[in-house]
Amino acid sequence: MSGTQLEITQKIDEIKTDFAQQLEMAKDAGKKVVGSLCSYFPREIAWAAGAITVGLCGTTEGPIAAAEQVLPADQCPMVKATYGRAINNSCPIFPLADCIVGETTCDGRKKMYELLGREKPMHVMDLPQKSEEPEARVHWIDEVGKLKRFLEEQLETTVGEDALREAIKLGNRERALLKSVHACRKVHPPPIMGRDLVALSTKMGYAVDRHDYIRQMEAVHAELERRVADGYQACETDRPRILWTGLGNSLGCDKVLGLVEACGAVVVCQEGCGGVTRLNDPIDVQKDPLTAIAERYLRVTCACMTPNTTRLEDIDQLITEYSIDGVIDLTWQGCHAFNIESYRVGELVKQKHKIPFLHVVTDYSQSDIGQLRVRIEGFIEQIMAGRPDVDY
C-alpha cells in the first residue's frame, strides 16, 4: 500500500470511528440505525421511521482478503470490500446497524446479500431492470411499500403519512443544496478540486443528524460562492476540465481521480454513483408519499437498467453545462453492466461532442498505478493537443 493510500485509509478509519461514537450515543438515546448499500435505497422512509441511515458500502482494499475466503477473487471489489468489512470486524459502523436494506442491482450484490443476511436482519428490494416500462413503476411502488412494512417491524414503529412528507421535504432540501454545491464548479477554474470535494463530501456524509448535515453543507456552499465571487482559483487556468462518469466517487476508492488531478487535469463534475445526477428530480410533495418516493428512486440511472437512455441524456447535458474537455468512465473489475455500457457512453462523447474519452477498468489495489498514470497522462496530452480521434 502506498503512503498516500495508507493516509487515506487512516483518514477513513478516523471518520468512521468518530461517527461510530456518535451513533453509539444516539442509540443509547433510543435511536435506531438502518444500513444502506445503494442509491436506490429510499432513505426518506427510514427517516420517517425516526431512524439514522448509514452507508455500508466498502471503499477500501483492506477487507477484501477476508471476503475472498468466501467470495470469488474475480468478483467486483466493492462487493468484496462490503462483505469483508461486515465479517472481519474492521468497520465500527456495521455492528451498530439494526437492519440493512439492499436492492437487486447486479448479480454479485444480490448473491452477496444472501450471505450478508446471516450477519444482520436484511431486506432486499426487487429492483425492476426496465425502468422505462409502465409495469416497472407499479412493481417498484409495491416494493417501496414492502420496505415500509419491513422497517416498521424491525424498528418497532409506525410510519405515518405526515412523517413521510416531512422526510421528503428534508431529502429535497438536501438534494437542492448539494446540486448548488456541485454547480459552483461550472466556473473556470473551479473553486475546489474534485478530490477535495470528494473527501469533504465523504466526511460530512457520515451524519447522525440530517439537519446538522444541511447546516454544514450550507456553510460549504457559502464558502464556495465566496471563492467564486472573489475570483479564487483552485488550479491553473489551463487544466483540462474532466467529467467523471461511472463508479469510484468515494474517498478510499478514488485512486484514479487522484491520478487525474496529479497529472494536470481537474475533475469538475461527477456522474454516476455518488455524483450530481443522483440529485436530479425532487420528490413530488403533492402526490401520495410512497408513490412519489418510488417514482423518484426509479429515476436513478445505474447501468443495471436497460436500455438506460436517461443516463446518456444526463451525460450529454453535463458535458455542455460544465464545459467539459474530456470524459473518463470508470468501471470496477467484474462489473459487466458498467463495462458494456461504457461503449455507448464513449459513442456519445466522441461522436456527438467530439472530445476525448477514456475508459478505465480497475479495482481497489495499487498494483496498476503505473500503467494508469501512463494512460491518463496520454489522455490529458490528447486533450491539450486537440486530437479527439485517438483512443488511449
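A residue is called buried here if its relative accessible area is under 20%. The model examined is a predicted one.

Helix α5 spans residues 107-116. Its buried residues are Gly-108, Arg-109, Met-112, Tyr-113, Leu-115 and Leu-116. Seen down the axis of α5, these residues fall within an arc of 155 degrees, so they line one face of the helix. An α-helix has 3.6 residues a turn, so residues three or four places apart point the same way.

Strand β8 covers residues 357-362. The strand is mostly covered, with 5 of its 6 residues buried. Its partner is strand β7, residues 326-332. The two strands pair in the parallel sense, over 6 bridges. Within this pairing, Val-327 stands opposite Phe-357 of β8.

His-359 belongs to β8. The side chain of His-359 makes a polar contact with the side chain of Ser-342, at 3.4 Å. Leaving aside residues up to four places away in sequence, His-359 touches Asp-329, Thr-331, Asn-339, Ser-342 and Arg-375.

Ala-222 lies in helix α9, which runs over residues 210-230. The relative accessible area of Ala-222 is 44%. This value falls between the 20% and 50% limits, so Ala-222 counts as partly exposed. Ala-222 and Val-181 are 41 residues apart in sequence. In space, their C-alpha atoms are 8.8 Å apart.

The cysteines were examined next. A search of the whole structure finds 0 disulfides. Cys-106 is in no disulfide, and the nearest cysteine sulfur, that of Cys-335, is 6.3 Å away. A disulfide requires two cysteine sulfur atoms within 2.5 Å. Cys-263 was also checked. The closest cysteine sulfur to that of Cys-263 is in Cys-235, 14 Å away, which is too far for a bond. Cys-106 has a relative accessibility of 32%, so it counts as partly exposed. Cys-263 has a relative accessibility of 18%, so it counts as buried.

Conventions. Residues numbered from 1 in each chain as written. Predicted model: local features only at pLDDT ≥ 70, side-chain atom pairs only at ≥ 80, totals over all residues. Heavy atoms only, no water. Buried < 20%, exposed > 50% of the residue type's maximum accessible area, 1.4 Å probe, protein only. Helix = DSSP H or I, 4+ residues; strand = E, 2+ residues; numbered from the N terminus. Arc of directions from axis to C-beta. Pairing = 2+ DSSP bridges. Polar contact = N/O pair within 3.5 Å; in protein donor to acceptor, adjacent residues only side chain to side chain. Contact = heavy atoms within 4.5 Å.
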